[in-house]
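Subject: Structure for your attention

Dear colleague,

Please find below the structure that I am handing over to you.

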Amino acid sequence: MSLLHLSEVTRTVIPPDQPALTILNGVDLTVEPGDRVSIVGRSGSGKSTLLNLMGLLDQPTSGTLTFDDRPVKSYSSAERDRVRGARIGFIFQQFNLLPGRTALENVTMPLLYASGTQFWRRKAIAAEMLEQVGLGHRLTSLPDRLSGGEQQRVAIARSLVRGPSLILADEPTGALDLDTGQTVMELIDDVATRTGAALVIITHDPAIATRARDHYRLDRGVLRRADAGVGERTAALAADGAGASGAGAFGASA
Amino acid sequence: MKRALTGFVGAVLEAWQELRIHRTRVLLSLIGVAVAVCSLTTVVALGAIVQQANEELSERSSGRPATLYLSAYSDGTGAGGSAEIDGELMDATWAETLERYDVTYGSRVLSGSQNVGFVDGIVPVGVQAVDQPYGEMHRVRVSEGAWFTPGDALQLAPRLIVNQIFWERIGSPDLATHPTVKLGGQGAQPTTIAVVTGVTPVASYETEPSMFMLVDQFAAVQAADPTGGGGGAGGFADPFAGGAQTQYEMWVPPALAEPLIPLLQRDFTAALGEGVQVDVFRQDFAQYGDDPFLVTKLVVGGIAVLVLLLGALGLVNIALVTVKQRVREIGIRRSFGATAGRVFFAVMMESVVATVAAGIAGVVAAVLIVQSPWVRDLVGQGMITDFPPFPVDAALLGLVAATAVGALAGLLPALVAVRVKVIDAIRY
């Protein structure tokens, strides 16, 4: 049983007065529970579109996309929103915290769309989550009073607060310096491992990508596997022209 | 059900947070709505007050709906060729008619004057001689004492309801002490002792003393005067000689007014004999169609709607600009599981919660404005002594309008919010 499965997925858009533009072309991808997947690609390679599809924010033009082995097409719009809220956690490059709301309010936000215990006990759950990412002492701080690393920790706590089975991280360290990026990545790995959630990282930074177990490259809408072996992978990354110095040994140890 | 409850509570919490964070913006846009609701409520309330005042003034002068007036005159072709109608016969027929049709409110009305002995001399004072039901029929207000009672007609000393000027001229005595004045018929020495039992307020344009008397007592005083005419109330004066002429009026249910007119005409013609022309007609304000104030209402309503539309336009403008700024936030919320319906409801809720608060403020301001003595003077122009209370309709209308404007103004931004493309919103 797969958590997320894309088979021959194509996404085409038709810009006004222009011929159709194929953004994703025959993408195959399977994400199992607990997987660590990295997708590397340049700007304009279709990363956002792929993220839209995996986050149930968009539908493929052709091909099948299934979540929990159920075709996403068969979900109603509201069902998709609810599944997204309950099962998928997003981490963004620009953190995307709600301005003017405290760290606690930001982490509470996803729980406003839950029901039952998660809704009624939302403050306690959110506070506990912030404690887990090491921000138990900054509950009432506003985002603009937090450092970049702290903001991303709040965002991580927010993405995990409903206990998702899939975490989609879009350039999670893109706005952070190298050291902070490393720490944040370790935290993401750590909490994903603890909760057993699958983690999909979209990045252009090979150093981050190497932390994953399964590696993919997205090039002009075509997704290719890039992890035949550690040696080849390192070579491929080196050939890509980016430094692989920051790469840890996560893939081997996890 | 459970989901609906958490959904509703969640949306209200979201709206509240949103309002809290954007205090300044919310406050500014709300001032616009509050002002619009305040103007709407004020205009409607003033309109209602002016209408009420108009109605009361009309009723005071020409009776309440439906008031039938009856007059009879001789065309000189009857038996004896007399140009005069027998007043006693007329009065008797009138009394008989009231009894026959079971009319409670009927009154003879007669204008004349009597000499009154004031401390500073004898002054002729205008009299309106009426029957006891007249007070109710014409909404006569009495500021001191009380209107005539049915028993007053049996009193030997005539009862008087005088106006404020008259009362002040006799020294504003306490009516419990049964103050008296001396009366005499037109041109006669005042010798009859009359008791003042009530005082009516005066309009600002009145400068002379005046009074009400009961018709029979008025006729008796007039008859006691050697120079005055005798006979019944309706007959002692010749209309062509400038004397008093009795009018007959009755207040009947509006639905009965039309069928009653030919019956009254028939009865009086039969009783008074040939050569007498009998006219029965309505003169109250309601005789002109269903609603004589329709035009006033339409004009006032039109202005109010315009004012509200302007307020709504400002609100929509601000809400649209704001929602554009919030596209990112809405995208974030959507990516964390907010359904389109939920986003729609939350944005709508913000607008409604805010405008209802502004509406309450506007209505309170309107009440303060309309009830202020300065505005009352301006609207009343001294003609209205008894202001109607603030119309509840106007307050309700203000609140309903505020809610409707909130919902309308929230609709457009809520639609925009629902159409937000989530990932684009987050990434730009």
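Two strands pair if DSSP finds at least two bridges between them. Strands (E, at least two residues) and helices (H or I, at least four residues) are DSSP runs, numbered from the N terminus. This is a predicted model, in which local features need pLDDT of at least 70 and side-chain atom pairs count only at pLDDT 80 or more, whereas totals for chains, interfaces and linings use all residues. Residues are numbered from 1 along each chain as its sequence is written, chains are lettered from A and ligands numbered from 1 in the order in which they are written, and side-chain values use heavy atoms, with hydrogens and water left out.

I begin with chain B. Strand β2 (residues 105-118) of chain B and strand β3 (residues 121-130) of chain B pair in the antiparallel sense over ten bridges. These two strands form a hairpin with two residues between them, and B:Gln114 stands opposite B:Val125 in β3(B). β2(B) is also joined by five bridges to strand β9 (residues 247-251) of chain B, in an antiparallel arrangement; here B:Tyr105 stands opposite B:Trp251. A further three bridges join β2(B) antiparallel to strand β6 (residues 180-184) of chain B, where B:Val116 has B:Leu183 as its bridge partner. Ten of the 14 residues of β2(B) are buried, so the strand is largely enclosed by the rest of the structure. Buried means under 20% relative accessible area, with a 1.4 Å probe and protein chains only.

In chain A, an open sheet of four strands has the order β2-β1-β4-β5, with antiparallel pairing. Its edge strands, β2 (21-31) and β5 (70-71) of chain A, each pair on one side only. Within the sheet, five bridges join β1 (residues 4-13) of chain A to β4 (residues 62-67) of chain A, and A:His5 stands opposite A:Thr66.

There is also a nonpolar core to consider, that is, a set of buried Ala, Val, Leu, Ile, Met, Phe, Trp, Tyr and Cys residues joined through side-chain atoms within 4.5 Å. The largest has 51 residues, of which A:Leu6, A:Ile39, A:Leu50, A:Met54, A:Phe67 and A:Leu166 touch the most other members. A second, separate core of 32 residues includes A:Met129, A:Val161, A:Ile167 and A:Ile201.

A colleague

Terms used: Buried means under 20% relative accessible area, exposed over 50%, partly exposed in between (1.4 Å probe, protein chains only).
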